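Please look over the sequence and the model first.

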Amino acid sequence: MATDTLTDVFEEHRPVLMGVAYRMLGRVADAEDVVQESWLRWSAADRSSVREPRAYLVRVTTRLAIDRLRHVQSRRESYVGQWLPEPLVTDYGPTVPDTAERAVLADSVSLAVLVVLESLSPLERAVFVLREAFGFPFSEIALTLDRGEPAVRQLAARARKHVEEKRPRYAVDPGERRDLTERFLAAAADGDLDGLMSLLAPDVRLVGDGGGKAKAPLRVIESADKVGRFLGGAARKGVPEGAELEARFLEINGAPSLFFLADGKPHSLFQLDVADGRITAVYIIRNPDKLVTLAS
């Protein structure tokens, strides 16, 4: 296979490989490393026996991601405070025109679902990602994981049951979510505690991720009263006095998010879960290592 064709084939499937690796690992840099290693394996492989390049590349990427996940899980056990995935820009644009397919991709990469996936074993996570997010048949997943198909079906059932028990069970209109996010920004910018409280569900949860490198709550904050009081002026917490604070709307992990910069440098990312017209969860990412790629 000519070098140009070799590269073209890989680049054609890169979005799928990156999608699998990111959903497996929850970190862009780790996913990119896995995809790069997949390219090295692909470029050195005997491709005369490769009948389906996509299946081969997904198989290699998944196995590499499982190995990487087993390594990083021990690292996350010593993580300071709550761990949230590294935010990923997901403005699919015209590349995913179908509304149903877009909804599946957005849901499978949402912060809430990725947090739940952290509690699965590496094999369960791989089966869930390949089956639920990308629709691979069980026979192909079995080949990818070098497991029997009955075993893969059991893994899939166990993973799906666990995720369904933990994930938010509601469908949210994107316009409603955007509206609530804008109202949240206005209330937070004005320090309007009453306005914030009116947006919060009684059992709202706030999860902050500073990674020990930026100010963020070390434990999950629960209840409207506690979350509202924390959020009063939260956008400026940790901002140097006199610094210019800028807010940008970005589509992150399939949902509208508020990205704050202080004097042009990444400061924090806010994302909301919404149900029945109220905010049910607030995610705040302040770990600078997770925000650096968003600055551009």
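## The chain as a whole

Of the contacts in the chain with a separation of 6 or more, 65% are between residues 24 or more positions apart; contact means heavy atoms within 4.5 Å. The chain has 296 residues, and buried residues make up 48% of them. Buried means under 20% relative accessible area, exposed over 50%, and partly exposed in between, with a 1.4 Å probe and protein chains only. The secondary structure comes to 12 helices and six strands. Helices (H or I, at least four residues) and strands (E, at least two) are DSSP runs, numbered from the N terminus.

The model is predicted: local features need pLDDT of at least 70, and side-chain atom pairs count only at pLDDT 80 or more, while totals for chains, interfaces and linings use all residues. Residues are numbered from 1 along each chain as its sequence is written, and side-chain values use heavy atoms, with hydrogens and water left out.

## The sheet

Strands of a sheet pair through backbone hydrogen bonds, either parallel or antiparallel. Here, six strands form an open sheet in the order S2-S1-S6-S5-S4-S3, and the pairing is mixed. Strand S2 (221–222) and strand S3 (245–252) are at the edges with a single partner strand each, so one side of each has no neighbour in the sheet. Two strands pair if DSSP finds at least two bridges between them.

Strand S1 (residues 200–209) and strand S6 (residues 278–285) run parallel and are joined by six bridges. In this pair, Leu206 is opposite Val282 in S6. Helix H11 (residues 224–231) packs on the sheet and touches S1, S2, S5 and S6, its direction making about 50° with that of S1. Axes are lines fitted to C-alpha atoms, for helices over the stretch in contact, and angles run from 0 to 180 degrees between N-to-C directions. Helix H9 (residues 174–190) lies across S3, strand S4 (255–262), strand S5 (265–275) and S6, and runs at about 130° to S5.

Strand S4 is mostly covered, with eight of its eight residues buried. Ala255, Ser257, Phe259 and Leu261 are buried on one side of S4, and Pro256, Leu258, Phe260 and Ala262 are buried on the other.

S3 pairs with S4 in the antiparallel sense over eight bridges. Phe249 has Leu258 as its bridge partner in S4, and Leu250 has Ser257. The hairpin of S3 and S4 has two residues between the strands, and Asn253 takes a positive phi near 50° there. S4 also pairs with S5, in the antiparallel sense, over six bridges. Leu258 has Phe270 as its bridge partner in S5. In the hairpin of S4 and S5, which has two residues between the strands, Asp263 takes a positive phi near 55°.

## Two nonpolar cores

A nonpolar core is a set of buried Ala, Val, Leu, Ile, Met, Phe, Trp, Tyr and Cys residues joined through side-chain atoms within 4.5 Å. The largest one has 51 residues, of which Met24, Trp42 and Leu117 touch the most other members. At least two residues of this core come from each of helix H1 (3–25), helix H2 (28–44), H3, helix H5 (111–117), helix H6 (122–133), helix H7 (138–145) and helix H8 (149–166). H1 gives the largest share, 11 residues. A second, separate core has 21 residues, including Leu206, Ala224, Leu258 and Val282.

## Helices H3 and H7

Helices H3 and H7 pack with their axes 9 Å apart, at an angle of about 55°. That angle makes H3 oblique to H7; under 35 degrees counts as roughly parallel, over 145 as roughly antiparallel, 65 to 115 as roughly perpendicular and the rest as oblique. The crossing of H3 and H7 is right-handed. A crossing is left-handed if the near helix is turned anticlockwise from the far one by less than a right angle, and right-handed if clockwise.

On the H3 side, Ala55, Val58, Arg59, Thr62, Arg63 and Ile66 meet Glu140, Leu143, Thr144 and Leu145 in H7. Thr62 lies in helix H3 (residues 53–76). Is Thr62 buried or exposed? Thr62 is buried, because its relative accessible area is 0%. Neighbours within four places in sequence aside, Thr62 is in contact with Val20, Ala126, Leu130, Thr144 and Leu145.
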